[in-house]
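Trainee: I have a structure to read. Where do I begin?
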Amino acid sequence: MEEVTGAQIIAEALRVQNVEYMFGIVGVPVIEVAMAAQAAGIKYVGMRNEQAACYAAQAIGYLTGRAAVCLVVSGPGLIHAFGGMANANVNCWPVLVIGGSSDQNQETMGAFQEFPQVEACRLYSKFSARPSSLEAIPSVIEKAFRSSTYGRPGACYIDISGDMVNARVDRDRVRFVSCCPPPPVSLAEPSAVGDAASVLKEAKRPLLIIGKGAAYGQAEREIKELVELCGLPFLPTPMGKGVLPDDHPNCVAAARSRALLQADVIVLLGARLNWILHFGLPPRFHPQVKIIQVDLCAEEMGNNVRPIAALLGDIRAVVSQLLGCFRKEGLALRQALPMNYYTVFHHVAQLLPRDCVIVSEGANTMDIGRTLLHNYLPRHRLDAGTFGTMGVGLGFAIAAAVLERDRRSGHRVVCVEGDSAFGFSGMEVETMCRYKLPVIIIVVNNNGIYSGVDPDTWRELEKMGDLTTVAPPVTLLPDARYDEVMAAFGGRGFLVRTQEELRSALELSLQDWERPSLLNVLIDPASDRKQQEFSWLTRSNL
Ligand code: ADP
Ligand code: MG
């Protein structure tokens, strides 16, 4: 008959649950537990304070999705770990705390470091218990381990009285339990997924918020696909950073306040609407914002803001469900998501050669372009100039292209125009085609002077009556096909709506030295420059 000690039973039970790491501080009565854990193949890291040990163990849980153990002694040892347990529980991170406690037969007598440990841990954990016998230790450990990772993750506590550690029992009598499977994956209700997809499709300014739940749920591949398939802008919370790289073109972290305030539909992926997100309330959020909430904790749904769709389930699985809706129905959403100035210039700046001549005119186009499109050589920039003249661009570009050709410099001429500015001398594209001048014209088209309206609004205006009386004077024909003007004379015309189309059109144009190209880049007609932060710089004060 083989006998095993309490410490051995604990160690073996942890090993069966695939626990790899234990952090702690040993002393009476848990020294033997740490030694047995090492003997069972668990890595033991001796720390200097139980709080730090508990922080370390929970970070393993967050980073790997499998709980690690924090081992502490009775009384003050465990109390020191409360800070760590509270942190893990509030963060929704799994951790298993094992605390030694005073001998059972001295309970209530004023034993060494006696403290109501199981009761005290309730406030800091999802589960807190003491095995009633050596035989029951493995099943309590399995339950604690399972509770820490199933549902909303958190801290779990197991109390081991000092007398149990070295007590012995026949191995056959111990109720060993096999490894608990990974948390079952739950899917959101299909009708709620359908509702969410239609709300998202109707959105004018959608925003994805990526929280640390998405990081913990290892949903990076699915989220990347959703962002790129639908062209969704995203904002990471502090620990949601890196689920998608911060330099991803759809990351709007640099304009966090604006993004939060202006979004009309927000998909909340594993983030709570708590203080970190200003409770989801005005003045930081739009008063009418529609929240699509994805979380595996039902009690979280509706905290502070009632969601328009509550998708209860695992983030990775639920995002796959959403992807299913969008893959089936094509890229409708992407079409509905026009770019803004900043997105356009971000890509243009990445692709333009450093030595190109940049000609620019237009209101926002020139203002924003000046800060985002860089020049590296003298006399390589021509724009509306001292007189603020519109219509100079194409003439300037033709002159620059003739010079650069005669000099055989290999410098490209790129003309960045607002749609209104382009209109003043647009017919000069015929001149470019006639002389085979490989000018690249990028028309940043917002359907108007300063700003225009979208085709739907334009149709509404048409219904309202005579356009000369109802159309705002700043509007131009929505989605006008300036690219076809260029194509009419044999140049290359590109209609561009998405970031991918922009990049591929610009790359193709840069390869062609035989003829001019025109990229008609349709952007959000409501797109505007960033608001001036300084009141003394705004026009009304001049
Ligand atoms: P942040 O600090 O990034 O805003 P929070 O900690 O507030 O994030 O929110 C994380 C949320 O993610 C919690 O509500 C938690 O229930 C949830 N969560 C954790 N893992 C998953 C998962 N795999 N699937 C869905 N929701 C998850
Ligand atoms: Mg315009």
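Mentor: Begin with burial. Buried means under 20% relative accessible area, exposed over 50%, and partly exposed in between, with a 1.4 Å probe and protein chains only. W93 has 8% relative accessibility, so W93 counts as buried. This is a predicted model: local features need pLDDT of at least 70, side-chain atom pairs count only at pLDDT 80 or more, and totals for chains, interfaces and linings use all residues. Residues are numbered from 1 along each chain as its sequence is written, and side-chain values use heavy atoms, with hydrogens and water left out.

Trainee: How many aromatic pairs does the structure hold?

Mentor: Rings of Phe, Tyr and Trp (its six-membered ring) pair if their centres lie within 6.5 Å; planes under 30 degrees apart count as stacked, over 60 as edge-to-face and the rest as tilted. The structure holds 6 aromatic pairs. One of them joins Y62 and W93: the centres are 4.2 Å apart and the planes at 15°, so this pair is stacked.

Trainee: Where do Y62 and W93 lie?

Mentor: Helices (H or I, at least four residues) and strands (E, at least two) are DSSP runs, numbered from the N terminus. Y62 lies in helix α3 (residues 50-64), and W93 in the loop between α4 (76-91) and β5 (95-101). The pair therefore ties together parts that are 31 residues apart in sequence. Y62 is buried, at 12% relative accessible area. Y62, W93 and Y216 form one aromatic cluster.

Trainee: Is D483 buried or exposed?

Mentor: D483 is buried, with a relative accessible area of 3%. D483 is found in helix α21 (residues 482-488).

Key
Chains are lettered from A and ligands numbered from 1 in the order in which they are written.
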